[in-house]
Amino acid sequence: MLVRLQLLDTNTLLLPAPLENSLPIPIPSKTTQHALPYSPNGIDQESRLKKLTLEKNSDFGLPKKRGDNGSVLKQRKVHSRCSTKWGGRIPAILQALNTIQDLDEALRPWEESLTNKEMSIILKQQVSWQRALEIFEWFKQKGCYDLNVIHYNIMIWVLGKVRRWSCVESLWNEMNAKGVSPVNSTYGTLIDVYSKAGLKEEALAWLQRMQSQGMEPDEITMGIVVQLHKRAREFQKAEEIFRKWSRGEPLILGINHNTVDTPQVDSEVLHTNVCLRSHTYNTLIDTFGKAGQLRAASETFAKMIKQGTGLTTVTLNTMIHLYGNHGHLRQVSLLLQRMEELQCPPDTRTYNILISLYVKHNSIDLAAKYLAKMKEACLEPDLVSYRTLLYAYSTRKMVQEAEELIGEMDERGLEIDEFTQSALTRMYVESGMLEQSWLWFRRFHLAGNITSDCYAATIDAYGKQGYTLEAEKVFMCCKERKKLSVLEFNVMIKAYGIGKSYDKAYQLFDCMEKFDVVADKCSYSSLIHILASADKPHIAKSYLKKMQEAGLVSDCIPYSAVISSFAKLGQLEMAEGLYKEMIECAVQPDVIIYGALINAFADAGSVKEAISYVDEMRKAGFPGNPAIYDSLIKLYTKVGYLKEAQETYKLLQSSDQGPSVCSSNCMIDLYTERLMVEQAKEIFESLKKNEIANEFSYAMMLCMYKKIGRLDEAIQIAKQMRKLGLLTDLLSYNNVLGLYSMDRRLREAKVTFKEMIESGIQPDDFTFRALGHVMLNCGVSKQAIGRLEVMVKRDAPRGLQAWMLALSCGLEGDDCTNK
């Protein structure tokens with residue numbers, strides 16, 4: 001059980017532990033010293049760790065600015081970074097290399113006295129890999145320099161970062177030829193550069209080669225291997241190999257070409273006494289976090305503190321992110337409070353994590369406060385900060401807040417990406433601010449800064465809200481920029497469908513070829529569904545044929561749409577014909593198609609055809625579903641098949657969702673026809689218990705009780721209908737008036753008739769016959785009733801008033817028909 005993070009005092013932090021009880025874990029002070037872990041190669045791992053900070057400070061001091069292809073961006077007349085952190089003559093050497101192209105001339109003052117350390121710094125500080133390689137070759141040509149394994153490691157890293165694999169292999173071969181023995185860091189560098197390039201198998205091959213030489217990876221190299229498996233989302237493999245290494249077990253590696261993606265991680269990976277460095281702990285915590293293993297990550301974090309390993313902002317950021325993703329907001333707050341005390345002040349990433357976290361939990365005000373705190377801490381929000389909050393504002397239509405952020409970005413000259421562009425457009429559109437949305441779109445369109453995907457997103461934003469004209473204008477803008485792709489056509493066709501411009505939808509589809517755009521599966525599927533839903537199955541069928549000819553029909557979904565449309569219109573021959581065509585094309589039907597056909601034939605009362613499709617469906621291995629059972633019960637009710645209806649209704653009763661009110665009403669209808677009172681009453685009571693009985697349910701029961709002469713029970717049903725507000729249509733009113741007529745209830749008949757007229761429901765002949773019958777039973781003559789019937793036909797408003805007056809007089813014992 002995870003234990004909540006608690007604050008005890010200024011020197012103690014209680015962290016999640018694997019046991020039910022929490023233990024206070026002392027936070028190491030700044031002066032606490034810890035022995036370095038054992039290094040198999042005898043190399044100073046503290047210095048190695050500083051060299052190999054994989055995220056912030058690149059190994060061997062490589063530059064961070066890179067092009068799209070990962071290569072180092074060249075800077076005009078600048079070959080190396082003239083950092084002032086180096087003392088002595090290093091700044092002068094780097095300055096000379098920057099200003100003088102010729103190496104003999106640039107390095108002449110120091111040529112005979114360069115030390116190994118200075119050579120390493122010079123190679124690491126080069127911005128261009130070509131310049132670094134040129135200097136390395138110059139060192140070799142001079143013959144007076146002792147190029148050691150560190151220099152080769154630097155060059156392997158430099159060349160590996162820009163994926164010059166032939167050069168890397170040449171360096172490796174050169175090392176072997178010159179007797180420069182590789183060390184742990186050499187293999188670690190090789191594994192790292194190949195791994196970061198996505199060459200997992202090649203990276204693991206270097207690890208195998210390392211082990212074949214009798215060399216086991218040290219902590220830094222093992223951290224790189226764990227990173228490799230983490231990138232491949234092979235979390236279990238990462239845990240397994242680290243556990244073996246930490247226990248001193250031999251690593252038996254086999255290159256597995258199948259990616260393992262399992263989140264199950266052994267939480268006992270660190271139940272040994274291995275003392276690890278901060279970077280290694282960070283890697284493990286991040287690996288457990290990405291695997292979704294909160295417990296394992298928490299235990300690793302707790303052990304890190306217990307062993308006195310120095311916490312870093314990176315560590316705390318990872319834990320904050322992990323706790324936040326699992327909804328443990330209290331732990332997030334506590335960790336944040338202690339960052340300053342631990343001398344790990346929040347950085348931009350910390351605040352970005354917090355902004356994202358509270359946006360995810362719908363605490364937008366708190367997310368905005370963290371953006372403000374970031375600025376108060378003199379940290380510049382980056383694009384991630386703004387984009388995260390902008391997206392939150394846009395999806396919640398917080399227009400003013402979004403515009404304020406955009407203003408800040410513009411002032412700082414920050415680029416607004418296409419995702420933010422489309423999100424803000426959608427915000428304006430969904431807020432009904434069409435003018436602002438168009439101005440926002442034109443800002444980027446006129447600047448030529450809109451991609452094809454962004455045009456499509458904007459068309460979709462307008463189209464979804466039914467703004468077809470605006471969607472068309474964006475489509476034309478995209479056409480002007482010659483960026484039309486199948487995506488723009490697809491969303492425009494969809495927009496026409498939403499706007500019910502069906503002719504424009506298929507006309508646009510037809511002109512795709514003119515723009516050298518080939519319709520894809522989505523194009524056909526969207527148009528077919530639009531036309532089928534618009535009751536235009538004949539047109540949809542022609543595009544379905546084209547889709548079939550193009551080889552884009554992979555399932556029965558487009559057939560289902562068109563068949564269902566034909567069935568809905570009662571064009572059963574067309575529906576069956578298309579079904580047969582589908583079978584001939586070796587496209588297998590699904591339960592939806594069978595359901596559509598069964599329902600269509602059920603509505604038509606065609607028992608034989610409906611049952612034949614039920615049999616076909618069962619032969620195809622599809623079980624029945626509630627929709628099909630409803631259709632069958634409706635059919636059986638129509639033709640009076642009681643036994644079959646009962647069997648089907650039992651299937652519905654055994655289903656998870658139970659019988660629908662429609663099927664239940666059909667069964668009540670069947671039982672009413674056969675005067676099966678108890679069976680009808682059982683279903684009716686079940687409907688009332690489940691609170692789904694409707695007006696038809698009550699009306700059916702009223703008719704049944706009236707039919708068998710149980711008028712008191714029928715009167716109770718009528719009272720319930722009035723109380724529940726279930727008297728809403730002509731049939732129900734007529735049933736109730738007929739009941740009152742039978743029972744000679746003139747007063748109730750008058751009240752019901754008045755309600756009927758006031759609700760705007762026009763009476764028919766049955767209504768007046770029921771009223772005439774009840775008045776006749778109360779002593780009004782046939783001639784008088786006949787005059788009322790004639791009057792209402794000649795002048796409906798005057799006739800209705802006469803009927804109301806006659807009913808009132810009847811209650812008082814007078815004959816008002818002559819007045």
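Is Tyr-194 buried or exposed? With a relative accessible area of 4%, Tyr-194 is buried. Keep in mind that you're looking at a predicted model. The chain has 819 residues, and buried ones make up 49% of them. If you take the contacts with a separation of 6 or more, 62% of them come from residues 24 or more positions apart.

**Aromatic rings**

- The count of aromatic pairs comes to 24.
- One of them brings together Trp-165 and Tyr-194, which are stacked with 4.2 Å from centre to centre and 20 degrees between the planes.
- That pair ties together distant parts of the chain: Trp-165 belongs to helix α7 (residues 165–178) and Tyr-194 to helix α8 (residues 184–196), with the two 29 residues apart.
- Tyr-358 and Tyr-370 also make a stacked pair, with 5.6 Å between the centres and 15 degrees between the planes.
- This pair links distant parts of the chain too, since Tyr-358 is in helix α16 (residues 348–360) and Tyr-370 is in helix α17 (residues 364–376), twelve residues apart.
- Tyr-358 and Tyr-370 are both buried.
- Look as well for a single aromatic cluster made of Tyr-579, Tyr-594, Phe-601, Tyr-613 and Phe-622.
- A charge meets a ring at Trp-438, where the charged end of Lys-473 sits over the ring, 4.3 Å from its centre.

**Salt bridges**

- Side chains of opposite charge can pair when their charged atoms come close.
- You'll find 26 salt bridges in the structure.
- Arg-89 and Glu-118 join their side chains in one of these, at 2.9 Å from N to O.
- Here the link runs between distant parts of the chain: Arg-89 is in the loop between α1 (45–51) and α2 (90–99), while Glu-118 is in helix α4 (residues 116–124), 29 residues apart.
- Arg-89 is partly exposed, at a relative accessible area of 27%, but Glu-118 counts as buried because its relative accessibility is 12%, under the 20% cut-off.
- Another salt bridge connects Arg-412 with Glu-380, and their closest N and O atoms are 3.2 Å apart.
- Arg-412 is in helix α19 (residues 399–412) and Glu-380 is in the loop between α17 and α18 (383–395), so this pair also links distant parts of the chain, 32 residues apart.
- Arg-412 counts as partly exposed at 35% relative accessibility, whereas Glu-380 is exposed, with a relative accessible area of 53%.
- Glu-713 and Arg-710 form a salt bridge as well, and their closest N and O atoms are 2.5 Å apart.
- Glu-713 is partly exposed, with a relative accessible area of 28%, and Arg-710 counts as partly exposed at 28% relative accessibility.
- Salt bridges with shared partners also join Glu-137, Lys-140, Glu-174 and Lys-178 into one network.

**A buried charge: Asp-590**

- Asp-590 sits in the loop between α29 (572–584) and α30 (591–603).
- Although Asp-590 is buried, it has no salt bridge.
- A polar atom of the Asp-590 side chain does lie 3.1 Å from the backbone nitrogen of Ile-593.
- Setting aside neighbours within four places in sequence, Asp-590 is in contact with Cys-556 and Phe-622.
- Phe-622 is also one of the members of the aromatic cluster above.

Notes
Residues are numbered from 1 along each chain as its sequence is written. This is a predicted model: local features need pLDDT of at least 70, side-chain atom pairs count only at pLDDT 80 or more; totals for chains, interfaces and linings use all residues. Side-chain values use heavy atoms; hydrogens and water are left out. Helices (H or I, at least four residues) and strands (E, at least two) are DSSP runs, numbered from the N terminus. Buried means under 20% relative accessible area, exposed over 50%, partly exposed in between (1.4 Å probe, protein chains only). Lys and Arg count as positive and Asp and Glu as negative; His and the chain ends are not counted. A salt bridge is a side-chain nitrogen of Lys or Arg within 4 Å of a carboxyl oxygen of Asp or Glu. A polar contact is a pair of N or O atoms within 3.5 Å; within protein, one must be able to donate a hydrogen and the other to accept it, and residues adjacent in sequence count only if both atoms are side-chain atoms. Contact means heavy atoms within 4.5 Å. Rings of Phe, Tyr and Trp (its six-membered ring) pair if their centres lie within 6.5 Å; planes under 30 degrees apart count as stacked, over 60 as edge-to-face and the rest as tilted. A charge sits over a ring if NZ of Lys or CZ of Arg is within 6 Å of the ring centre and within 35 degrees of the ring normal.
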